[in-house]
Amino acid sequence: APFYKGVVHDKVTWKRSIFEGVVYAMKAATDKPFKVSMLGPAQQSVILDDQHYGDGVELAFDIARALNKELKFLVSQGLEAVQLIDVLPPYFQDGWQIEAQNIMFDGVDAMKFWHICYGSVDGQRDVFEDKAAEMMPLFGQSPVDVIHMEFTSKGLGELSAFAKFPTNKVFGMGVVDAKNVMVDSVDDIVARIRRGLEFVPADRLLIAPDCGLGYFSRTVAYAKLRNMGQAVEQVRASL
């Protein structure tokens, strides 16, 4: 099937907010914390059809500058947390990706998450090799507060690499499979959380699904999240 790509035919600049309506709707719907997720500059620079820059890094930096203005505007509207979705590091670990993050987050007064997965198109993974150890230097250099990765879908074998996870960041561990429609049992999730605690202490361990649950029906997504919540309560009570 054809893959339709956005075209860059001029310099990327910020014209108006993209996510203002999302923040408005979430503030109207809940008084609980929420975050807005967006594709990051590094990933966007490789999936766009660049017909202007001829230099993917400069394109990424201009995207980062535009997103910086977007985020500052959203914070002024009440946004408290942002999630960067940038899955380029499993493919290569060039340092300019962190430069782009520094531009994007400069002066942004919000909690910053970075979600990394190994690809998820119709439930299929794109990267099959273990890359956590190779990505660890980027994790240490990133300006984000929380780094979240999928684990359940590909097994927990990479957890040992997180013995070297930066101690000034929170580790978000995927404990619910986002590529399998079968609902993860509470016992299975409890076991995964306890494996994570072998490498990262409880005060720096964030429990989450592998990735978003948008591919599932509401019934399945709810059941997965319900079981995840019950597993967290069990583990927390035992600490």
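Let me begin with strand 2, which runs parallel to strand 4 (residues 81-85) and is joined to strand 4 by 4 bridges; strands here are DSSP runs of E of at least two residues, helices are runs of H or I of at least four, and both are numbered from the N terminus. This is a predicted model, in which local features need pLDDT of at least 70 and side-chain atom pairs count only at pLDDT 80 or more, while totals for chains, interfaces and linings use all residues. Residues are numbered from 1 along each chain as its sequence is written, and side-chain values use heavy atoms, with hydrogens and water left out.

Turning to the helices, helix 5 (residues 132-141) has among its buried residues Met135, Met136 and Phe139, and the buried residues of helix 5 pack against helix 4 (96-105), strand 5 (111-116) and strand 6 (146-149), where contact means heavy atoms within 4.5 Å.

In helix 7 (residues 218-238), the buried residues include Val220, Lys224, Asn227 and Val235, and these buried residues pack against strand 7 (170-176), helix 6 (186-196) and strand 8 (205-209).

Technical notes. Pairing = 2+ DSSP bridges. Buried < 20%, exposed > 50% of the residue type's maximum accessible area, 1.4 Å probe, protein only.
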